[in-house]
Amino acid sequence: MLSLWRPSSAEAAPMHDVEAVEHDEKVVSLAMEITDAGMQLSNSSTEAELFMIYSITGQLVKKISVAAGSKTVVSLPGGCYVVRCRVWAKKTVVR
């Protein structure tokens, strides 16, 4: 009989996006959203945050600093991108 190994609930990693993390008693909330105007990067923390946008081939396309408590819209040509900040990295498609 074939037996399959399955991790116990204690070993299994959570399968959800991390968008908020507690860091030095502050909650940092960073978000990325595709809108009609372009890619919107949001920073609701109390410090500026650096977002880096890479092409699917790994080339750095843009490096953007978003001020604390603000949003920035970035215009990009259509394609697949990876957006990275210090809390998360996400894949997205711009059409």
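Colleague: Which residue in β8 is the bridge partner of Val-83?

Modeller: Lys-90 is the partner of Val-83 there. This is a predicted model, in which local features need pLDDT of at least 70, side-chain atom pairs count only at pLDDT 80 or more, and totals for chains, interfaces and linings use all residues. Residues are numbered from 1 along each chain as its sequence is written, and side-chain values use heavy atoms, with hydrogens and water left out.

Colleague: What makes β7 and β8 a pair?

Modeller: Strands (DSSP runs of E, at least two residues, numbered from the N terminus) pair if DSSP finds at least two bridges between them. β7 (residues 79-84) and β8 have 6 bridges and run antiparallel, so they pair. A hairpin of 4 residues joins β7 to β8.

Colleague: What places the charged end of Lys-90 over the ring of Trp-88?

Modeller: The term asks for NZ of Lys or CZ of Arg within 6 Å of the ring centre and within 35 degrees of the ring normal. The charged end of Lys-90 is 4.6 Å from the centre of the Trp-88 ring and counts as sitting over that ring.

Colleague: Why is the pair of Phe-51 and Trp-88 called tilted?

Modeller: Rings of Phe, Tyr and Trp (its six-membered ring) pair if their centres lie within 6.5 Å; planes under 30 degrees apart count as stacked, over 60 as edge-to-face and the rest as tilted. Here the centres are 6.1 Å apart and the planes stand at 55 degrees, so the pair is tilted. Phe-51 lies in strand β4 and Trp-88 in the loop between β7 and β8, 37 residues apart.

Colleague: Why does Phe-51 count as buried?

Modeller: Buried means under 20% relative accessible area (exposed over 50%, partly exposed in between; 1.4 Å probe, protein chains only). Phe-51 has 0% relative accessibility, so the residue is buried. Trp-88, at 6%, also counts as buried.

Colleague: What makes the link between the side chains of Asn-43 and Ser-45 a polar contact?

Modeller: A polar contact is a pair of N or O atoms within 3.5 Å; within protein, one must be able to donate a hydrogen and the other to accept it, and residues adjacent in sequence count only if both atoms are side-chain atoms. The side chains of Asn-43 and Ser-45 are joined at 2.6 Å. The Asn-43 side chain also reaches the backbone oxygen of Glu-47 at 2.8 Å.
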